[in-house]
Amino acid sequence: MTGSQPLVVHITGARPNFPKAAPVIAALAEHPVRQLLVHTGQHYDERMSEVFFRQLGLPEPDVNLGVGSGPHGAQTAATIVGLEELFTAERPDLVVVYGDVNSTVAAALVASKMGIPLAHVEAGLRSFDMTMPEEINRLVTDRLSDLLLVTSPDAIAHLGNEGVHPDKIHLVGNPMIDTLLRHLDALDTAAVADSVGLDRTEPYLVATLHRPGNVDDPADVAELVRAVHAVADQVRVVIPLHPRGRGRLEQAGFMDHDNLLVIDPLGYVEFLGLVRGAAAVVTDSGGVQEETTVMGVPCLTLRPNTERPVTITHGTNQLITRASLPAAVADVLAAGPAEPGTTPVPPLWDGHAGPRIAAVLAASLGV
Ligand code: UD1
Ligand code: UDP
């Protein structure tokens with residue numbers, strides 16, 4: 001590679017960014033471009049960050065801005081300041097952002113104000129719920145992007161309705177699913193179950209919970225604890241708990257149930273190994289709705305809406321409330337596992353999104 005090749009800067013920072021960026025970076029390495037990987041430092045615990053770089057074969061970040069945690073304004077502002085300095089020094093030819101986290105929108109603001117072309121991977125998803133910080137991040141990022149790389153056809157419709165020119169929109173499939181399919185053979189349910197102390201001869205559920213709508217308000221937390229305990233009365237539940245809300249859940253007595261196994265966040269391969277063997281998953285995660293869809297594991301999403309309706313129409317996902325959770329679990333357990341291969345998978349979730357995205361990016365750079 002030479003200095004005359006165009007420079008592509010990838011912005012990552014939070015857990016869900018890493019499995020999305022990995023296949024894009026790998027595929028773009030086949031094109032004549034220079035790449036710089038930025039970690040904003042939004043997530044920093046070993047279990048929320050470093051483990052993904054190790055397991056997913058991501059290169060070491062070239063730059064870590066170390067922004068850390070804080071209120072939205074402080075976190076987003078620190079990222080903006082760091083990226084403005086970096087882009088001023090490096091003069092990227094293209095900035096690529098992923099998903100809907102604060103690191104994403106911060107980079108979009110800096111790149112667009114500096115006149116640097118901006119590509120958004122996972123554009124066009126909409127929950128139409130403006131109480132979600134992610135929805136604000138999606139709307140702003142998409143409005144500012146020059147290339148909108150979408151994972152599902154509904155996203156094309158949303159962007160069209162918002163007046164985005166069709167020439168900017170590319171249906172490329174889902175890079176997070178590239179990463180999943182690439183690691184499928186490495187997912188070892190038995191090994192993870194043993195290592196976390198789970199009896200794998202018994203059915204179990206995996207739960208992940210971190211959305212502000214579930215874990216921030218003490219009244220919601222109290223209701224959540226009651227609902228999850230009612231589930232644990234029926235079946236063993238293992239929860240690799242996200243750091244957000246851990247304190248509030250602990251205070252509300254979440255851990256005080258013998259059939260509930262609360263553990264630290266797991267590495268990517270360990271987490272999906274556990275999911276693969278689960279009778280069902282209860283979650284408020286975006287990515288987990290997609291991964292369960294492809295693995296055919298029933299997914300109960302504890303949210304009033306989803307920006308990923310394709311996981312309902314083409315997958316295993318259903319929306320539930322805290323009140324309906326225990327009955328929904330009983331239904332899923334009674335129904336038993338689906339026949340393998342009977343759930344349809346969304347179009348282009350085929351393991352080749354990374355190369356398709358790389359081709360669009362390279363073409364935009366004229367290489
Ligand atoms: C962020 C994203 C959310 C995404 C989630 C994925 C935004 C607005 N939200 O939410 O869309 O679904 O990441 O996991 O960008 N913390 C740690 N260690 C860490 C990281 C965070 O202890 O490594 C704790 C801190 O107390 C922090 C809290 O978690 O204040 C929240 O972290 P933050 O990155 O602000 O938001 P998330 O809830 O993780
Ligand atoms: N994940 C993981 N370990 C865990 C929980 C989740 O590796 O303990 C993975 C999960 O498989 C998916 C990604 O983290 O690839 C999703 O991140 P998260 O749920 O934090 O964010 P969201 O998708 O909701 O934005």
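Me: OK, a polar contact is a pair of N or O atoms within 3.5 Å. How far is the polar side-chain atom of R211 from an oxygen atom of ligand 2?
Reply: The distance is 2.6 Å in this predicted model. That is within 3.5 Å, so the R211 pair counts as a polar contact.

Me: How far is the polar side-chain atom of R15 from an oxygen atom of ligand 2?
Reply: For R15 the distance is 2.8 Å.

Me: How much of ligand 2 does the protein bury?
Reply: Ligand 2 taken alone exposes 540 Å². The protein buries 98% of that.

Me: Where does ligand 2 sit?
Reply: In the largest pocket. Helix 12 (268-276) and helix 13 (286-295) are the elements that give two or more residues to its shell.

Me: How many residues surround ligand 2?
Reply: There are 18. R211, L266, S285, G287 and E291 are the closest. By class, the shell has ten nonpolar, five polar and three charged residues.

Me: Switching to ligand 1. Which residues are the closest?
Reply: H43, N102, E134, H210 and R244 are the closest. In total, 18 residues surround ligand 1.

Me: What does H43 do there, in distance terms?
Reply: A polar side-chain atom of H43 lies 2.8 Å from an oxygen atom of ligand 1. H210 also puts a polar side-chain atom 2.8 Å from an oxygen atom of ligand 1.

Me: Which atom of N102 lies 2.8 Å from a ligand 1 oxygen, backbone or side chain?
Reply: A backbone N or O atom.

Me: How much of ligand 1 gets buried?
Reply: Ligand 1 taken alone exposes 750 Å². The protein buries 84% of that.

Me: What space does ligand 1 take?
Reply: The largest pocket.

Me: New topic: the backbone. What is the phi of R91?
Reply: It is positive, about 45 degrees, although R91 is not a glycine.

Me: Where is R91?
Reply: R91 lies in the loop between helix 3 (72-90) and strand 4 (94-98).

Me: And what is the phi of E122?
Reply: About 85 degrees, again positive. E122 is not a glycine either.

Me: Which loop is E122 found in?
Reply: The loop between strand 5 (118-121) and helix 5 (133-144).

Technical notes
Residues are numbered from 1 along each chain as its sequence is written. Chains are lettered from A and ligands numbered from 1 in the order in which they are written. This is a predicted model: local features need pLDDT of at least 70, side-chain atom pairs count only at pLDDT 80 or more; totals for chains, interfaces and linings use all residues. Side-chain values use heavy atoms; hydrogens and water are left out. A residue is near a molecule or strand if one of its heavy atoms lies within 4 Å of it. A polar contact is a pair of N or O atoms within 3.5 Å; within protein, one must be able to donate a hydrogen and the other to accept it, and residues adjacent in sequence count only if both atoms are side-chain atoms. Accessible areas come from the Shrake-Rupley method with a 1.4 Å probe; for residues, only the protein chains shown count as cover. On a 1 Å grid over the protein atoms alone, a cavity is a set of points where a 1.4 Å probe fits but cannot get out, and a pocket is an open set with protein on both sides within 12 Å along at least five of seven lines; lining residues have an atom within 4 Å of a point. A molecule sits in a cavity or pocket if more than half of its atoms lie within 2 Å of its grid points. Helices (H or I, at least four residues) and strands (E, at least two) are DSSP runs, numbered from the N terminus. Ala, Val, Leu, Ile, Met, Phe, Trp, Tyr, Cys and Pro count as nonpolar, Asp, Glu, Lys and Arg as charged, and the others, Gly among them, as polar.
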